[in-house]
Amino acid sequence: MRDGVCSNFSVLSVFLLVLFLCLHESHCSLPSYMKGSVLMDKSSDAFLPEISPSGAPQPFLPLLAPSPLTPFTTNSTIPKLSGLCSLNFSAGESMISMTSIDCWAVFASVLANVICCPQLEATLHILIGQSSKDTNLLALNGTLAKHCLSDVEQILVSQGASDKLHQICSIHPSSLTEGSCPVKDVNEFESFVDSTKLLSACEQIDLVKECCNQICQNAILEAARTIALKAYELLSVDPPHALPEHSTRVDDCKNIVLRWLASKLSPGRAKGVLRGLSNCNVNKVCPLVFPDTRHVAKGCGNGTSNQTACCSSMERYVSHLQKQSLITNLQALDCAASLGMKLQKANITRNIYNLCRITLKDFSLQG
């Protein structure tokens, strides 16, 4: 990886990040840049705009490796709770502890897409799912959602997590409600959905094969569509022949389905299933935002023969991408293809990746 990979971190922070990744990989050695300077003159990429890490929730890293940052999160404070949240926090105590580690303040924004946000979302689903055993509800009302989300954030921050998780992961009180899904009662849910089939498909998933075979994912989608269609019955209108897979109502109902699953499984097994499913989603898209390529086009245009200037501008460009977020190798593959198409549209027909020795590692801090 080139100099400048970690220009936003101190030497200690870089070391901890590398240690984090090494503990996820069984074969890992310190990269050569760790032995020298890890800082780069910021003026070299001054022409690029500052872009915040994408908050989208999915890793090539071992899927359920234990959180390695535990030794560094020893300082904790007493959270100030509202006392108005009905969630059973003791049922998800281990999940909350792991989330505070995965969303550690120093790295939360960088680990957002791959580790922090999927873990936070899984924790919220499990807390609501486990609480439904007492409330018989798979969603919170608006008032409770506000108090409960605040309490969860207070607990996480008290254990070392970032205090900006709602921004980093785009989590809002509405994320804990039923949204536009017409079903939130457990008994009503089970009267519409083939719960035996759903549980059989998802109670134990193959973390590798699931992303290809989508056995559990298809069962979740089928259940979500089934309860989403209930809205049309309540409105006495004819339902459409097919609901789009990613309509707002279906997406909201998927959350209800996930919470129901979390209520039927132990918190540990539910975490394994939810994190496994989120990993499949993570690797589907490139989360990076590509700045304007005009500076690369200027240095690497077809009429330009100066290879040094071309590669210098390309290295500055990918260095800026690295600062946005940690991404997986599969995400990097999609990002490399997307940037390649963007460069072609900028009238660059040479294979700059080969010319400048740009590899998948150059698209992420994980290299």
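The model is predicted: local features need pLDDT of at least 70, side-chain atom pairs count only at pLDDT 80 or more, and totals for chains, interfaces and linings use all residues. Residues are numbered from 1 along each chain as its sequence is written, and side-chain values use heavy atoms, with hydrogens and water left out.

**Exercise 1. The whole chain**

Find how many helices and strands the protein chain has, and what share of its residues is buried.

Step 1. Helices (H or I, at least four residues) and strands (E, at least two) are DSSP runs, numbered from the N terminus. The protein chain has 16 helices and zero strands.

Step 2. Buried means under 20% relative accessible area, exposed over 50%, and partly exposed in between, with a 1.4 Å probe and protein chains only. Of the 367 residues in the protein chain, 48% are buried.

Step 3. Accessible areas come from the Shrake-Rupley method with a 1.4 Å probe, and for residues only the protein chains shown count as cover. The protein chain has an accessible surface of about 17400 Å², and carbon and sulfur atoms account for 53% of that.

**Exercise 2. Two packed helices**

Describe how helix H9 and helix H11 pack.

Step 1. Locate them: H9 covers residues 215-228 and H11 covers residues 248-264.

Step 2. Axes are lines fitted to C-alpha atoms, for helices over the stretch in contact, and angles run from 0 to 180 degrees between N-to-C directions. The axes of H9 and H11 are 8 Å apart, at an angle of about 115°.

Step 3. A crossing is left-handed if the near helix is turned anticlockwise from the far one by less than a right angle, and right-handed if clockwise. H9 and H11 cross in the right-handed way.

Step 4. Contact means heavy atoms within 4.5 Å. On the H9 side, the residues that meet H11 include Ile220, Leu221 and Ala224; among their partners in H11 are Cys253, Val257 and Leu261.

Step 5. Sort the residues by class: Ala, Val, Leu, Ile, Met, Phe, Trp, Tyr, Cys and Pro count as nonpolar, Asp, Glu, Lys and Arg as charged, and the others, Gly among them, as polar. The contact of H9 with H11 has 12 nonpolar, no polar and three charged residues.

Step 6. Leucine 221 has a relative accessible area of 10%, so it is buried. Its C-alpha is 8.7 Å from that of valine 257, though leucine 221 and valine 257 are 36 residues apart in sequence.

**Exercise 3. Around H2**

Where is glutamine 119 found, and which residues does glutamine 119 touch?

Step 1. Glutamine 119 sits in helix H3 (residues 112-135).

Step 2. Its relative accessible area is 0%, so glutamine 119 is buried.

Step 3. Not counting residues up to four places away in sequence, glutamine 119 touches Met95, Met98, Thr99, Asp102, Lys271 and Arg275.

Step 4. Turn to helix H2 (residues 93-102), whose buried residues are Met95, Ile96, Thr99, Ser100, Ile101 and Asp102. Their cover includes H3, helix H4 (142-158) and helix H12 (267-282).

**Exercise 4. An aromatic pair**

What kind of aromatic pair do tyrosine 353 and phenylalanine 363 form?

Step 1. Rings of Phe, Tyr and Trp (its six-membered ring) pair if their centres lie within 6.5 Å; planes under 30 degrees apart count as stacked, over 60 as edge-to-face and the rest as tilted. The structure holds three aromatic pairs.

Step 2. For tyrosine 353 and phenylalanine 363, the centres are 6.1 Å apart and the planes stand at 90°, giving an edge-to-face pair.

Step 3. Tyrosine 353 lies in helix H16 (residues 352-355) and phenylalanine 363 in the segment after H16, so the pair ties together parts that are 10 residues apart in sequence.

Step 4. Phenylalanine 363 is buried, at 1% relative accessibility.

**Exercise 5. Positive phi**

Is arginine 357 buried or exposed, and where is its place?

Step 1. Arginine 357 is not a glycine, yet its phi is positive, about 55°.

Step 2. Arginine 357 belongs to the segment after H16.

Step 3. With a relative accessible area of 70%, arginine 357 is exposed.

Step 4. Glutamine 214 also has a positive phi, near 55°. Glutamine 214 lies in the loop between helix H8 (210-213) and H9, and is partly exposed at 27% relative accessible area.
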